[in-house]
Amino acid sequence: MTIDDSVEIAVIGAGIAGIATAYYLCEEQQKRSIVLVDSRHPMSLTSAQSGDNYRNWWPHPTMTRFANDSIDLMERIAHGSSNVLRMTRRGYALATRRTDVDGLIEAFLGGYAEADGSSIRLRSEPAPRNYRSAQAMHFSEAPDGIDVLTNRELIRRTFPSFSNKVATVLHIRRAGDIDSQRLGRYMLHRIRESGGGRKQARVRGIEHNGRFTLALEGPDGLRSLHADVVVVAAGPYAADVASMVGVDVPITNVLQQKISFDDFLGAIPRELPFSVDLDEQTLDWSADERELLAADLALSWLAEPIVGGVHCRPDGDRQRIKLGWAYNHKPCEPQDEATCDPAFDPQFPEIVIRGAATLQPALAQYLVSFPARYAHYGGYYSMTPENWPLIGPLGRDGAFIVGALSGYGSMAACAAGALCAAWVNRAALPEYAEQLSLARYGDGALSAEIDSTANKGIL
């Protein structure tokens, strides 16, 4: 497509959410006059920092339905493209040292409210019938639902790298990993084939007078782009762009970090699923280290209990592992797009290895022989207070948003993009569509229901 000064639809943001929206506008809604506008290259910024995991577990059935729809769409692409996104399905393994997990199971039942009773299977015997361990099995062959492992012998045999203190593992089966960069490239290719285009430019302002006029600044200087429809898919800049069309949205940004490195000591089995330590923990410092930390106001929190959620998984076919821990809760607005990437905490690599070693004790070896080369990266969790996305009309005729996808952007992008495309084209919507739009803030009963859910699905 040769981009001129006028298109039908301008999608602002070329991350995975914006690309998916343009893809479904082309594929499902048969739109052709579409341009993706972003000052960066596609799939950069937050989308480049994806954990590349997916799961259908959420503590509320609305989000579970949304996640299942997204997985359905990813599987459809995988089937139709010789699995271009390299989708596997080893599941998620949520580990805890608790033996009384009735509350956890109740939370899972809430998320799977529409499923039958067979969705959650208790595994209390050393060798339960029909239990399939975590293997890199094909996504179409893996079981669904959740296996709750409460037998320590079974846990040791199935997850040999876990600490002997782990008493319960909740093995979510419709979960695994993908290659979101390959998914994004596949979608971009199909968008181009359908006549869509891309413009590398920064949006400096938006005016609306019958049509939208976007003031753009790019390599070719200042210019205007006219569009009938604007879709805000600007990731951590979504609130800023929405304000350009006169709408305030309840989105804040929280910077989260990860590391990856070569597991040259072989601490993590390659067949290990994405594994999460659910328990709050206190890091294993020496007495002298703990005293020094406690005396420093800026670092004293490291000597205190830290929220659970540290996670680990093998990274692809190489001998690499990824570690992450979304313990940061402080809002942090992104720097200007023209500046460098976010500044990361230099202590994070040691913190996350210490935390992950609580569940995977063999990782403690890396505190002695710290990886000489590791990647320290991260991105913004752009989120609403309830950690649900915002997808749908912005309250201005022709303006839409697809954003606030927090740390689940790559796994939710297909359903989010398809839903936003349906809103744009006034096509049939799933029953949960308004619950994921700004309209939910006018539903007092839903707001109260969401607020009563303690777990917001943040991992």
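Predicted model: local features only at pLDDT ≥ 70, side-chain atom pairs only at ≥ 80, totals over all residues.

Trainee: At what angle do the axes of helix H2 and helix H10 cross?

Mentor: Axes are lines fitted to C-alpha atoms, for helices over the stretch in contact, and angles run from 0 to 180 degrees between N-to-C directions. Helices (H or I, at least four residues) and strands (E, at least two) are DSSP runs, numbered from the N terminus. Here the axes of H2 (residues 61-80) and H10 (residues 409-424) come within 8 Å and cross at roughly 95 degrees. The two helices are therefore roughly perpendicular to each other, a term for angles of 65 to 115 degrees.

Trainee: Which residues of H2 and H10 make the contact?

Mentor: Contact means heavy atoms within 4.5 Å. On the H2 side the residues include Phe-66, Leu-73, Met-74 and Ile-77, and on the H10 side they include Met-411, Cys-414 and Ala-418. By class, the contact of H2 with H10 has 11 nonpolar, two polar and one charged residues; Ala, Val, Leu, Ile, Met, Phe, Trp, Tyr, Cys and Pro count as nonpolar, Asp, Glu, Lys and Arg as charged, and the others, Gly among them, as polar.

Trainee: What describes a pair of aromatic rings?

Mentor: Such a pair is described by the distance of the centres and the angle of the planes. Rings of Phe, Tyr and Trp (its six-membered ring) pair if their centres lie within 6.5 Å; planes under 30 degrees apart count as stacked, over 60 as edge-to-face and the rest as tilted. The structure holds 12 aromatic pairs. The rings of Phe-159 and Phe-162 have centres 5.0 Å apart and planes at 10 degrees, so this pair is stacked. Phe-159 is buried at 1% relative accessible area, and Phe-162 is buried at 3%; buried means under 20%, exposed over 50% and partly exposed in between (1.4 Å probe, protein chains only).

Mentor: Phe-261 and Tyr-366 form an edge-to-face pair, 4.9 Å centre to centre with 65 degrees between the planes. Phe-261 lies in strand E13 (residues 252-262) and Tyr-366 in helix H9 (residues 365-368), so the pair ties together parts that are 105 residues apart in sequence. Both Phe-261 and Tyr-366 are buried. Elsewhere, Trp-301, Trp-325, Tyr-327 and Phe-348 form one aromatic cluster.

Trainee: Is Gln-281 buried or exposed?

Mentor: Gln-281, in the loop between strand E14 (274-277) and helix H7 (287-295), is buried, with a relative accessible area of 6%. A polar contact is a pair of N or O atoms within 3.5 Å; within protein, one must be able to donate a hydrogen and the other to accept it, and residues adjacent in sequence count only if both atoms are side-chain atoms. The side chain of Gln-281 reaches the backbone oxygen of Gly-355 at 3.4 Å. Beyond four places in sequence, Gln-281 is in contact with residues including Trp-325, a member of the aromatic cluster.

Trainee: Where is Arg-156 found?

Mentor: Arg-156 is found in helix H4 (residues 152-158) and counts as partly exposed at 21% relative accessibility. A polar atom of its side chain lies 3.0 Å from the backbone oxygen of Ser-163.

Notes: Residues numbered from 1 in each chain as written. Heavy atoms only, no water. Parallel < 35°, antiparallel > 145°, perpendicular 65-115°, else oblique.
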